[in-house]
Amino acid sequence: MAHLDTREKLAILADAAKYDASCASSGTAKRSSVGGKGVGSTEGMGICHSYAPDGRCISLLKILLTNSCIFDCHYCINRRSSNVRRARFTVDEVVRLTLAFYKRNYIEGLFLSSGIIGSSDHTMEAMVRVARTLRLEHDFRGYIHLKTIPDAAPELLEEAGLYADRLSINIELPTETGLARLAPEKNGVRIRGAMTGLKTAIDDNKDARKHYRSAPKFAPAGQSTQMIVGADGADDSAIMGTAQGLYGRFGMRRVYYSAFSPIPDASAVLPLVSPPLIREHRLYQADWLMRFYGFGVAEVQDATDAGHLPLDIDPKTAWALKQRGQFPVDINRAPREMLLRIPGLGVKSVNAVLRVRRQRRLDLADLGRLVRGIDKLRPFVIAADWRPVALADAGGLRATLVKPERAQLELF
Ligand code: SF4
């Protein structure tokens with residue numbers, strides 16, 4: 001590896017980290033350095049930016065420890081056989097950069113991932129050392145997210161949880177067959193085993209803290225994972241099924257969906273083009289329905305056509321159009337779970353509807369004041385002064401709800 005200065009390493013290793021989606025920092029424990037104790041603080045809001053060599057806005061220093069890797073996952077730009085410039089930070093360099101960036105007010109925390117060098121344990125040990133040095137030697141109170149190596153010794157993952165706010169282990173691909181084909185050196189059983197270990201440790205810690213307030217916090221922002229979309233043949237139905245399992249079995253705080261991007265010198269087993277980014281967006285919307293709107297995975301899967309979420313319409317509207325027997329819904333009588341299924345009505349507006357209707361019956365104008373646009377809602381609701389007739393002969397309804405197509409810009 002050629003000798004590179006820290007700036008050159010940063011350019012390579014911040015750029016290599018852009019494919020990692022999971023960097024939201026919401027939901028962690030509050031820490032503050034008010035009063036001059038320690039360095040940094042965590043905010044109660046999500047931050048999801050990163051440093052880029054071209055100077056774009058940053059909030060997390062999002063880097064890899066190294067982009068060298070002994071594995072050869074087909075979809076990864078950092079794989080062993082990839083012809084990219086390699087770089088490697090030392091532990092001290094990452095610590096120094098994090099502190100220097102924090103003190104210049106560039107960042108609120110660190111997102112650290114890595115290729116595997118030497119062995120899984122060797123890599124994980126270096127990542128843990130970064131977090132330990134920041135926390136123990138420099139009393140750093142900002143946010144730390146470590147992307148862990150699932151094959152590493154469980155003791156290392158456990159130690160990582162003592163210093164990091166969030167830990168993540170990538171599931172990588174939605175199906176075992178996809179993983180075996182595109183990441184042959186990774187092992188789905190070990191990945192799930194590591195997720196189980198983290199869940200147990202997080203649950204045990206919550207329990208311990210109920211009884212002993214002095215018990216040290218363990219990964220207070222929980223664990224998350226990332227799935228690559230569009231590199232294998234898994235459809236949206238399969239992806240949502242896997243996501244549901246990840247939330248249910250492993251208590252994931254978030255599942256991130258990352259549209260596969262074709263990479264230089266890509267392996268021949270990969271598709272030549274990336275999926276449209278709107279597919280990634282539809283998956284996030286469907287995921288949102290499961291997490292905040294009480295939709296079961298089967299209902300989300302019902303919204304698909306031949307296994308894929310429509311791209312021209314959001315999943316909730318797609319579901320409602322297929323469930324016309326359940327609509328229109330009377331906003332003055334329906335239970336909360338049915339109000340949440342009305343296209344165009346969000347959680348906040350449903351709460352407002354419930355609040356207002358305790359006082360009086362809502363008409364369409366009332367509803368209009370609670371949401372951004374009434375057009376989407378009109379065919380699906382009954383209000384004090386409104387009953388739709390269009391839904392009964394709704395052959396053309398879908399066309400009226402679809403927005404004109406816009407060109408999708410690429411992210412990278
Ligand atoms: S182990 Fe991670 S860094 Fe290495 S090739 Fe696979 S995905 Fe890329």
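A: A charge sits over a ring if NZ of Lys or CZ of Arg is within 6 Å of the ring centre and within 35 degrees of the ring normal. This is a predicted model, in which local features need pLDDT of at least 70 and side-chain atom pairs count only at pLDDT 80 or more, while totals for chains, interfaces and linings use all residues. Residues are numbered from 1 along each chain as its sequence is written, and side-chain values use heavy atoms, with hydrogens and water left out.

Q: OK, which ring does the charged end of R341 sit over?

A: The charged end of R341 sits over the ring of F295, at 4.5 Å from its centre, and F295 also belongs to one aromatic cluster with W319, F327 and F380.

Q: And what about K62?

A: K62 lies over the face of F111, 5.7 Å from the ring centre.

Q: How many aromatic pairs are there?

A: Rings of Phe, Tyr and Trp (its six-membered ring) pair if their centres lie within 6.5 Å, with planes under 30 degrees apart counted as stacked, over 60 as edge-to-face and the rest as tilted; by this rule there are seven aromatic pairs. One of them is F101 with Y106, edge-to-face at 5.4 Å centre to centre and 75 degrees between the planes.

Q: Is F101 buried or exposed?

A: F101 counts as buried because its relative accessibility is 8%, where buried means under 20% relative accessible area, exposed over 50% and partly exposed in between (1.4 Å probe, protein chains only). Y106, at 40%, counts as partly exposed.
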